[in-house]
Amino acid sequence: MLLKYYPLYVQNQDLIGWISIPEFDINYPVVQCSNNKYYLTHNFEKKYNCWGTPFIDYQNTVNPNDQNIILYGHNSSVFKNRMFAPINAYLNLDGFKKAPVIKFDTIFNEGYWKVYAIFITNSEAKDNNGYCFDYMIPKFSKKAFCDYINEINKRALYYTGVDINENDELLTISTCNYSFKNARTVIVCRKIRAGETNKVDTAVAKINKSPLYPQAWYDKKKISNPYNNLYK
């Protein structure tokens, strides 16, 4: 364990890491327990709190890391500075340009992660013609990884210009989105490689003119779904 995390670990042995996005005033401990429910409503001191604590999926392992670490945290459309609400800035290209790199440590290793893609998805199959895109996969075969990235690319709100390959480690941040009921904002990042700098050329980023959204998104906006038959 990294020495800097010992004092916090003494307080709560569920500590698994720390997430920091200083550009958006995000700076929180990250925990993990035997389920994905407890920390939705409990703070780091294990007291009831409606804002909960950021946590990684109970199925994830670290040291060594799974290829894809899934991290959850609450969001809000009303309280702009609570928990992961500032992450809403990533829904716009300017938000990415402001903070193209996220700091996420496990208690064993420090890490910087380049933002690869942001998309909006559904958490219930009924909101997308019976289909849910499963982005909460901890491990991949090489083919499965390529298929997974292809699905993300279809949905990406914009292309960041960050490259990715099947040997990369991923950090996937999942939080609420309010464009329709039970929607999710998903931010996919890849870990900075050995010998690589944490610089990102944000000038090459560009808008995806036709990202794939869930059916409920089109319904809410009362517009036609150009991908209407994709999952039927």
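Rings of Phe, Tyr and Trp (its six-membered ring) pair if their centres lie within 6.5 Å; planes under 30 degrees apart count as stacked, over 60 as edge-to-face and the rest as tilted. The model is predicted: local features need pLDDT of at least 70 and side-chain atom pairs pLDDT 80 or more, while totals for chains, interfaces and linings use all residues. Residues are numbered from 1 along each chain as its sequence is written, and side-chain values use heavy atoms, with hydrogens and water left out.

View 1. One cluster is formed by Phe 119, Phe 133, Tyr 135, Phe 140, Phe 145 and Tyr 148. Arg 155 lies over the face of Phe 133, 4.3 Å from the ring centre. A charge sits over a ring if NZ of Lys or CZ of Arg is within 6 Å of the ring centre and within 35 degrees of the ring normal. Elsewhere, Lys 103 lies over the face of Tyr 112, at 5.1 Å from the ring centre.

View 2. The structure holds 13 aromatic pairs. In one of them, Phe 24 and Tyr 90 are edge-to-face, with 5.3 Å centre to centre and 90 degrees between the planes. This pair links distant parts of the chain, 66 residues apart: Phe 24 is in the loop between S1 and S2, and Tyr 90 in the loop between strand S4 (68-72) and helix H2 (93-98). Helices (H or I, at least four residues) and strands (E, at least two) are DSSP runs, numbered from the N terminus. Both Phe 24 and Tyr 90 are buried; buried means under 20% relative accessible area, exposed over 50%, and partly exposed in between (1.4 Å probe, protein chains only). Trp 217 and Tyr 218 also form an edge-to-face pair, at 5.2 Å centre to centre and 85 degrees between the planes. Trp 217 counts as buried because its relative accessibility is 12%, and Tyr 218 is buried with a relative accessible area of 3%.

**View 3. Strand S1 and its two partners.** Of the seven residues in S1 (residues 15-21), six are buried. S1 runs antiparallel to strand S2 (residues 26-31), joined by six bridges; two strands pair if DSSP finds at least two bridges between them. Tyr 28 in S2 is the bridge partner of Ile 19. Four residues lie between the strands of this hairpin, where Asp 25 takes a positive phi near 55 degrees. S1 also pairs with strand S5 (residues 101-106) in the antiparallel sense, over four bridges. Here Trp 18 stands opposite Asp 105.
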